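The following note sets out numbered points for a reader who is new to structural description. Please read each point with the sequence and the structure in view.

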Amino acid sequence: QVQVVESGGGLVQAGGSLRLSCAASGRTFLISTMGWFRQAPGKEREFVAAINWMVGATDYRDSVKGRFSISRDNARATMDLQMDSLKSEDTAVYFCAAGRVSSRDARYWDSRGYDYWGRGTQVIVSS
């Protein structure tokens, strides 16, 4: 199977930046898509961004477009999320996810499409 582990969360002031990283290990050849989800207290887990593992095509939720950037390094089996211009509403636990879902599949945009999950890393943005 595949294991994914996040790192890089923390506390930052509004307007600041953080970079999250996710390292994949195990049977990484099973991965076609990797993504970031987040879950704020009392809310459902939501899609943040995803990247096609082979060609690098990316997608973002509207509220983070222009502020967040997702990237991957196939050789190192890592994925990063650069988060700039952070807002208080970005406060959440961020989860790394990996799966075989295609961007043409509706499940690409929600947690159902991903088979492997990290434990999450906390991001707190103070206003």
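1. The count of disulfides comes to 1, where a disulfide is a pair of cysteine sulfur atoms within 2.5 Å. The bond joins Cys 22 to Cys 96, with an S to S distance of 1.9 Å. Cys 22 belongs to strand S3 (residues 18-26) and Cys 96 to strand S9 (residues 92-99), so the pair ties together parts that are 74 residues apart in sequence. The torsion about the S-S bond of Cys 22 and Cys 96 is about -70 degrees, so this disulfide is left-handed.

2. The model is predicted, so local features need pLDDT of at least 70 and side-chain atom pairs count only at pLDDT 80 or more, while totals for chains, interfaces and linings use all residues. Residues are numbered from 1 along each chain as its sequence is written, and side-chain values use heavy atoms, with hydrogens and water left out.

3. Are the two cysteines buried or exposed? Cys 22 is buried, with a relative accessible area of 1%, and Cys 96 is buried at 0%. Buried means under 20% relative accessible area, exposed over 50%, and partly exposed in between (1.4 Å probe, protein chains only).

4. The chain has 0 helices and 11 strands. Helices (H or I, at least four residues) and strands (E, at least two) are DSSP runs, numbered from the N terminus. With 127 residues, a compact globule would have a radius of gyration near 14 Å, and the 13 Å of the chain agrees with this. That radius is taken over C-alpha atoms, and the globule rule is 2.2 Å times the number of residues to the power 0.38. Along its principal axes, the C-alpha trace spans about 40 × 30 × 25 Å.

5. Of the 127 residues of the chain, 43% count as buried. Contact means heavy atoms within 4.5 Å. Among contacts in the chain with a separation of 6 or more, 55% come from residues 24 or more positions apart.

6. Gly 35 lies in strand S4 (residues 33-39) and is buried, with a relative accessible area of 0%. Which residues does Gly 35 touch, not counting residues up to four places away in sequence? They are Ala 49, Ala 50, Met 79, Phe 95, Cys 96, Ala 97 and Tyr 114. Cys 96, one of these contacts of Gly 35, is joined to Cys 22 by the disulfide. The C-alpha atoms of Gly 35 and Ile 51, which are 16 residues apart along the chain, are separated by 6.2 Å.

7. Ser 111 is placed in the loop between S9 and strand S10 (116-117). With a relative accessible area of 35%, Ser 111 is partly exposed. Leaving aside neighbours within four places in sequence, Ser 111 is in contact with Phe 37 and Trp 117. Ser 111 and Glu 46 are 65 residues apart in sequence, and their C-alpha atoms are 7.7 Å apart in space.

8. Two backbone angles deserve a check. Ala 77, which is not a glycine, has a positive phi of about 55 degrees. Ala 77 is found in the loop between strand S7 (68-73) and strand S8 (78-83) and is buried, with a relative accessible area of 11%. Ser 85 has a positive phi near 50 degrees, although Ser 85 is a residue other than glycine. Ser 85 is in the loop between S8 and S9 and counts as partly exposed at 40% relative accessibility.
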